[in-house]
Amino acid sequence: MPRSAAIVRGAMTSALRAHGLDRFGLPALLVATEFVAAATKLALGEDLYLSLRHRNDTLRVVAWDQHPRHADTDAVILCEDRRRRSLWLLAAVVDDWGGDWGIGEAAVRPESRHHHGTKSWVVLPR
């Protein structure tokens with residue numbers, strides 16, 4: 001996973017440039033890098049999926065990692081707090097851009113009993 005951040009930054013830079021969305025470059029790259037760093041710490045060695053979507057002059061970045069939700073309510077709160085604290089730089093940049101972000105449990109699909117994990121998202125207007 002350590003090289004994943006470089007791969008994500010390269011792919012994101014290419015995608016933004018190809019679609020004329022360079023204005024989102026710096027914050028989007030930081031968001032992607034922070035999501036990869038958090039996943040590396042919390043879901044070490046597991047797959048990470050990152051999606052990028054532009055609609056109505058808003059960029060949405062969604063990351064899904066395989067860190068499972070905890071069964072114990074206190075552990076869920078502690079884990080989410082830990083993840084939020086690790087994303088302080090992301091939070092500052094998103095706030096500066098007037099965007100929004102969040103963390104939640106990834107939706108479970110009936111066809112995939114093994115689909116679990118955490119979804120993190122960012123919306124950047126402009």
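Strands, like helices, are DSSP runs numbered from the N terminus, a strand having at least two residues. The views below show a predicted model.

**Figure 1. Overall arrangement of the predicted protein.** Four helices and four strands make up the secondary structure. Read from the N terminus, these elements follow the order α-α-β-β-α-α-β-β. The protein has 126 residues, of which 37% are buried. The mean pLDDT is 85, and 89% of the residues reach 70 or more. Of the elements, α4 has the highest mean pLDDT (94), while α3 has the lowest (86). Where pLDDT is low, the predicted coordinates should not be read in detail.

**Figure 2. Residue T58 in strand β2.** T58 belongs to strand β2. Its relative accessible area is 22%, so T58 is classed as partly exposed, a class that lies between the buried limit of under 20% and the exposed limit of over 50%. With neighbours within four places in sequence left aside, T58 is in contact with R53, V123, L124 and P125. T58 and R126 are 68 residues apart along the chain, yet their C-alpha atoms are separated by 6.1 Å.

**Figure 3. The largest nonpolar core.** This core comprises 24 residues, and those with the most contacts inside it are F24, F35, L90 and V122. At least two core residues come from each of the helices α1 (4–18), α2 (25–42) and α4 (88–96), and likewise from each of the strands β2 (58–65), β3 (100–105) and β4 (118–125). Helix α2 provides the largest share, with seven residues.

**Figure 4. The surroundings of F24.** F24 is one of the residues with the most contacts inside the largest nonpolar core. When neighbours within four places in sequence are left aside, the contacts of F24 are L16, H54, D57, L59, W97, L124, P125 and R126. Among these residues, L124 and P125 are also in contact with T58.

**Figure 5. The largest cavity and its lining.** The model contains one cavity of 30 Å³ or more. The largest cavity has a volume of about 80 Å³. Its lining is formed by H67, P68, R69, H70, V76, C79, E80, R83, I103 and T118. Helix α3 (residues 73–86) contributes the largest share of this lining, four residues. By class, four of the lining residues are nonpolar, three are polar and three are charged.

Technical notes. Residues numbered from 1 in each chain as written. Predicted model: local features only at pLDDT ≥ 70, side-chain atom pairs only at ≥ 80, totals over all residues. Heavy atoms only, no water. Core = buried A, V, L, I, M, F, W, Y, C linked by side-chain atoms within 4.5 Å. Buried < 20%, exposed > 50% of the residue type's maximum accessible area, 1.4 Å probe, protein only. Contact = heavy atoms within 4.5 Å. 1 Å grid on protein atoms, 1.4 Å probe; cavity = no way out; pocket = protein on both sides within 12 Å on 5 of 7 lines; lining within 4 Å. Points joined across faces, edges and corners; volume = space filled by probe spheres on them. Nonpolar A, V, L, I, M, F, W, Y, C, P; charged D, E, K, R; others polar. pLDDT = per-residue confidence, 0-100.
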